[in-house]
Amino acid sequence: MPKQPKYKHYIWELPVRYCHWINVLSIVILAVTGFFIGSPYNFGGSASDFSMGWLRFVHFVAAYAFAVSVVSRVIWSLIGNKYAGWREFFPFATASGREKMVKMLRYYMFLDKKVPETFGHNPMATTAYVALFGLYMMMMLTGFALYAQFAPGGFMHKSLGLMYMMFSSQGMRLAHHLGLWFIAGFIINHVYSAILMDIKEHDGEISSIFSGFKYRIKKPE
Ligand code: HEM
Ligand code: HEM
């Protein structure tokens, strides 16, 4: 009979949970509408059908929601609790963080049977989140650079001048398209890991991203 967790602790504050679910919703919308932008389909069967125009419009609305949510989460990493803080995302920068990473990696590689108890973020997950954040930046920069071409000389177009100097439009479009599949790869791994940790750690992992609370056997420090 496993020991029952005794301590309930508030980990994910409201802005962390809001940003998580706004990102999820906007990414699903961006991925579906983006897929159709990349492989257009004539829904109405006539030349005057505007379905693809609406899909692009929805892509841009979701893109703004996504950008605001990502920027808000970055700001919250400077003012939120220690579990939300930016330091959590660089476990490899400290000796104790590296030790936790090695333990978690050993578990993932089937070298250790016992899952290390993590309370805030899993250190391997935060390392993946840093890579994901890099992808978010790339998607926003290429996305807004492509978008701003519809208003040459405007504020957005001028602000992204460096992007046009460094990359061709087709290069940006290809990178933007590839980003969809990298993010899809992350999601498969992320949802699998969340379910795995929920089952193995008995800490309410999945409900924590809805409620904010996690449970543990040892008293939280
Ligand atoms: C997770 C985020 C996103 C995903 C998965 C995504 C996905 C895609 C995909 C697959 C395409 C089609 C590319 C092609 O093959 O031509 C596309 C097009 C586009 N996306 Fe995104 N996108 C995302 C975020 C954004 C953002 C933040 C913007 C900013 C406005 C944006 C603006 C655009 C624009 C302007 C196009 C080209 C539309 C056109 O040529 O008609 N996207 N997106
Ligand atoms: C588009 C899909 C998703 C993306 C891009 C995504 C991304 C992320 C990110 C970046 C975090 C870190 C949160 C932060 O500190 O701000 C996170 C946490 C979390 N996500 Fe997701 N998520 C997605 C879908 C889901 C789904 C469907 C579930 C539920 C099965 C889920 C469960 C969790 C849990 C439990 C955490 C907190 C655990 C931890 O980070 O150690 N996510 N997710």
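Student: What should I know before I start?

Tutor: The model is predicted, so local features need pLDDT of at least 70 and side-chain atom pairs count only at pLDDT 80 or more, while totals for chains, interfaces and linings use all residues. Residues are numbered from 1 along each chain as its sequence is written, and chains are lettered from A and ligands numbered from 1 in the order in which they are written.

Student: How many helices and strands are there in the protein?

Tutor: Elements are DSSP runs numbered from the N terminus: helices are H or I, at least four residues, and strands are E, at least two. Here there are 8 helices and 2 strands. The pattern along the sequence is β-α-α-α-α-α-α-α-α-β. The C-alpha trace spans about 65 × 40 × 35 Å along its principal axes.

Student: Which residues of α2 are buried?

Tutor: Buried takes 20 or more other C-beta atoms within 10 Å of the residue's own, with C-beta atoms placed from the backbone. In α2 these are H59, A62, A63, F66, S69 and R73. An α-helix has 3.6 residues a turn, so residues three or four places apart point the same way. The cover over the buried residues of α2 includes α1 and α4. Across the protein, 16% of the 221 residues count as buried.

Student: Which residues make up the largest nonpolar core?

Tutor: A nonpolar core is a set of buried Ala, Val, Leu, Ile, Met, Phe, Trp, Tyr and Cys residues joined through C-beta atoms within 7 Å. The largest has 5 residues: I27, L30, A62, A63 and F66. α1 and α2 each give two or more of them. α2 has the largest share, 3 residues.

Student: What is L30 in contact with, leaving aside its neighbours within four places in sequence?

Tutor: Contact means C-beta atoms, placed from the backbone, within 7 Å. L30 is in contact with H59, A62, A63 and F66.

Student: Which residues come nearest to ligand 1?

Tutor: A residue is near a molecule if its C-beta atom, placed from the backbone, lies within 6 Å of it. Ligand 1 has 25 residues around it, and L30, G34, G38, A63 and G143 come nearest. α1, α2, α4 and α7 each give two or more residues to this shell. α1 gives the most, 7 residues.

Student: And which residues are closest to ligand 2?

Tutor: V24, I27, H121, A194 and I209 are the closest of the 21 that surround ligand 2. α1 again gives the most to the shell, here with 6 residues.

Methods:
Buried ≥ 20, exposed ≤ 12 C-beta atoms within 10 Å, placed from the backbone. Contact = placed C-beta atoms within 7 Å.
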